[in-house]
Amino acid sequence: MSPRAHPSGTCFSLPQNVPLTRGRKKELSMKRFLPLLPWGAAALPWALWSNKALSLHQLSLTLPCLPTPFAGLRIAQVSDLHNAHFGPENRALTSLLAGARPHLVVLTGDLVDARRPRLDRALAFAAQAAAIAPTYYVPGNHEARLPQAQYRLLEDGLRQAGVTVLFHRKEVLTRQGAQLTLLGLADHGFGKKKGAADSPAARTAAALAHLCQGETTCSILLLHRPDFFPLCAAQGIDLVLSGHTHGGQVRLPGLGGLFGPDQGLFPLYDGGVYRRGASQMVVSRGLGNSLAPLRINNRPELVLLTLSPPAPVSGG
């Protein structure tokens, strides 16, 4: 590099490796980013559409303990609605639900969003669901964050709408003399006491043990958070229906969900069917959004689960 003259008349040479200034770095970064803008602009409408494009996720599951009279039982799972609306009066969602022709509807938590609770909207949908099929509800972490008086209003409203609330409760279903037990475990946030040293896992384990005491029939547990599946398996629960993870919010091809609350990056339980010993779990990717306002490659889903006992072994 040729020397340059200083105004004083002194010649000096610039160093060969002049560090980039902050402005220059920003300029280069923007140049690298600019080619991506058209792709981002094209993807945004698709992302906005897909956040309201409902999907019906149909699953068939063999449950070894299922009594024969319950063969073909169809359970529609609605999870993590978070006050979302799909068309006026949620008609798109209720139409999809009615078209699935379920025998039971289960609401597996976060029907409302604690940051913007709309009890009227949640209760209107719950009443519509209960008009389609017997409906059962278990509260999630967002219900646990509501002020106690507000949660009571929600619970009372659900009962008035014809929904069975399973807050640390069980309901025995009977068909042709056979029994199937539906259990509901409220979110551990309800049992949290200020200054208490017990962990969420300890609270959940204790509540679950109490709920399952003396239980011998085939059991289906409604539990909002899937990360407690190992506790459920240890307790001998046959089937767990869960949600909470929103499918990992962003789904990456070949990798699955990007982030799940309580599980962090690339959550183990982000959606679908899981097995541990003799226990099985179905995790719904849910319907609404909460803190993160947008799903990517992750359409909201209504799960329709069809249960069957094992096929009889033919003699030969």
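Trainee: Which residue in S10 is the bridge partner of Leu182?

Mentor: Ile220 is the bridge partner of Leu182. Keep in mind that this is a predicted model.

Trainee: What makes S9 and strand S10 (residues 218-223) a pair?

Mentor: Two strands pair if DSSP finds at least two bridges between them. Six bridges join S9 to S10, and the two run parallel. Six meets the cut-off of at least two, so they count as paired.

Trainee: How do you know that strand S8 (residues 169-175) and S9 pair, and in which sense?

Mentor: Seven bridges link S8 and S9, in the antiparallel sense.

Trainee: Why is Leu255 called exposed?

Mentor: Exposed means over 50% relative accessible area. Leu255 has 58%, so the word applies. Leu255 is in the loop between strand S12 (251-252) and strand S13 (256-257). Together with Phe259, Leu265 and Phe266, Leu255 forms a nonpolar patch on the surface, with about 450 Å² of accessible area in total.

Trainee: What makes strand S9 (residues 178-185) mostly covered?

Mentor: Seven of the eight residues in S9 are buried, and buried means under 20% relative accessible area.

Trainee: Why are S3 and S7 said to stand at the edges?

Mentor: The open sheet has six strands in the order S3-S18-S4-S5-S6-S7, with mixed pairing. Strand S3 (55-62) and strand S7 (164-165) each have a single partner strand, so one side of each lacks a neighbour in the sheet. For S3, eight bridges join it in parallel to strand S18 (residues 301-308).

Key: Residues are numbered from 1 along each chain as its sequence is written. This is a predicted model: local features need pLDDT of at least 70, side-chain atom pairs count only at pLDDT 80 or more; totals for chains, interfaces and linings use all residues. Side-chain values use heavy atoms; hydrogens and water are left out. Patches are made of residues with over 30% relative accessible area and no salt bridge: like charges are joined within 9 Å, nonpolar side chains (Val, Leu, Ile, Met, Phe, Trp, Tyr) within 5 Å. Accessible areas come from the Shrake-Rupley method with a 1.4 Å probe; for residues, only the protein chains shown count as cover. A salt bridge is a side-chain nitrogen of Lys or Arg within 4 Å of a carboxyl oxygen of Asp or Glu. Helices (H or I, at least four residues) and strands (E, at least two) are DSSP runs, numbered from the N terminus. Buried means under 20% relative accessible area, exposed over 50%, partly exposed in between (1.4 Å probe, protein chains only).
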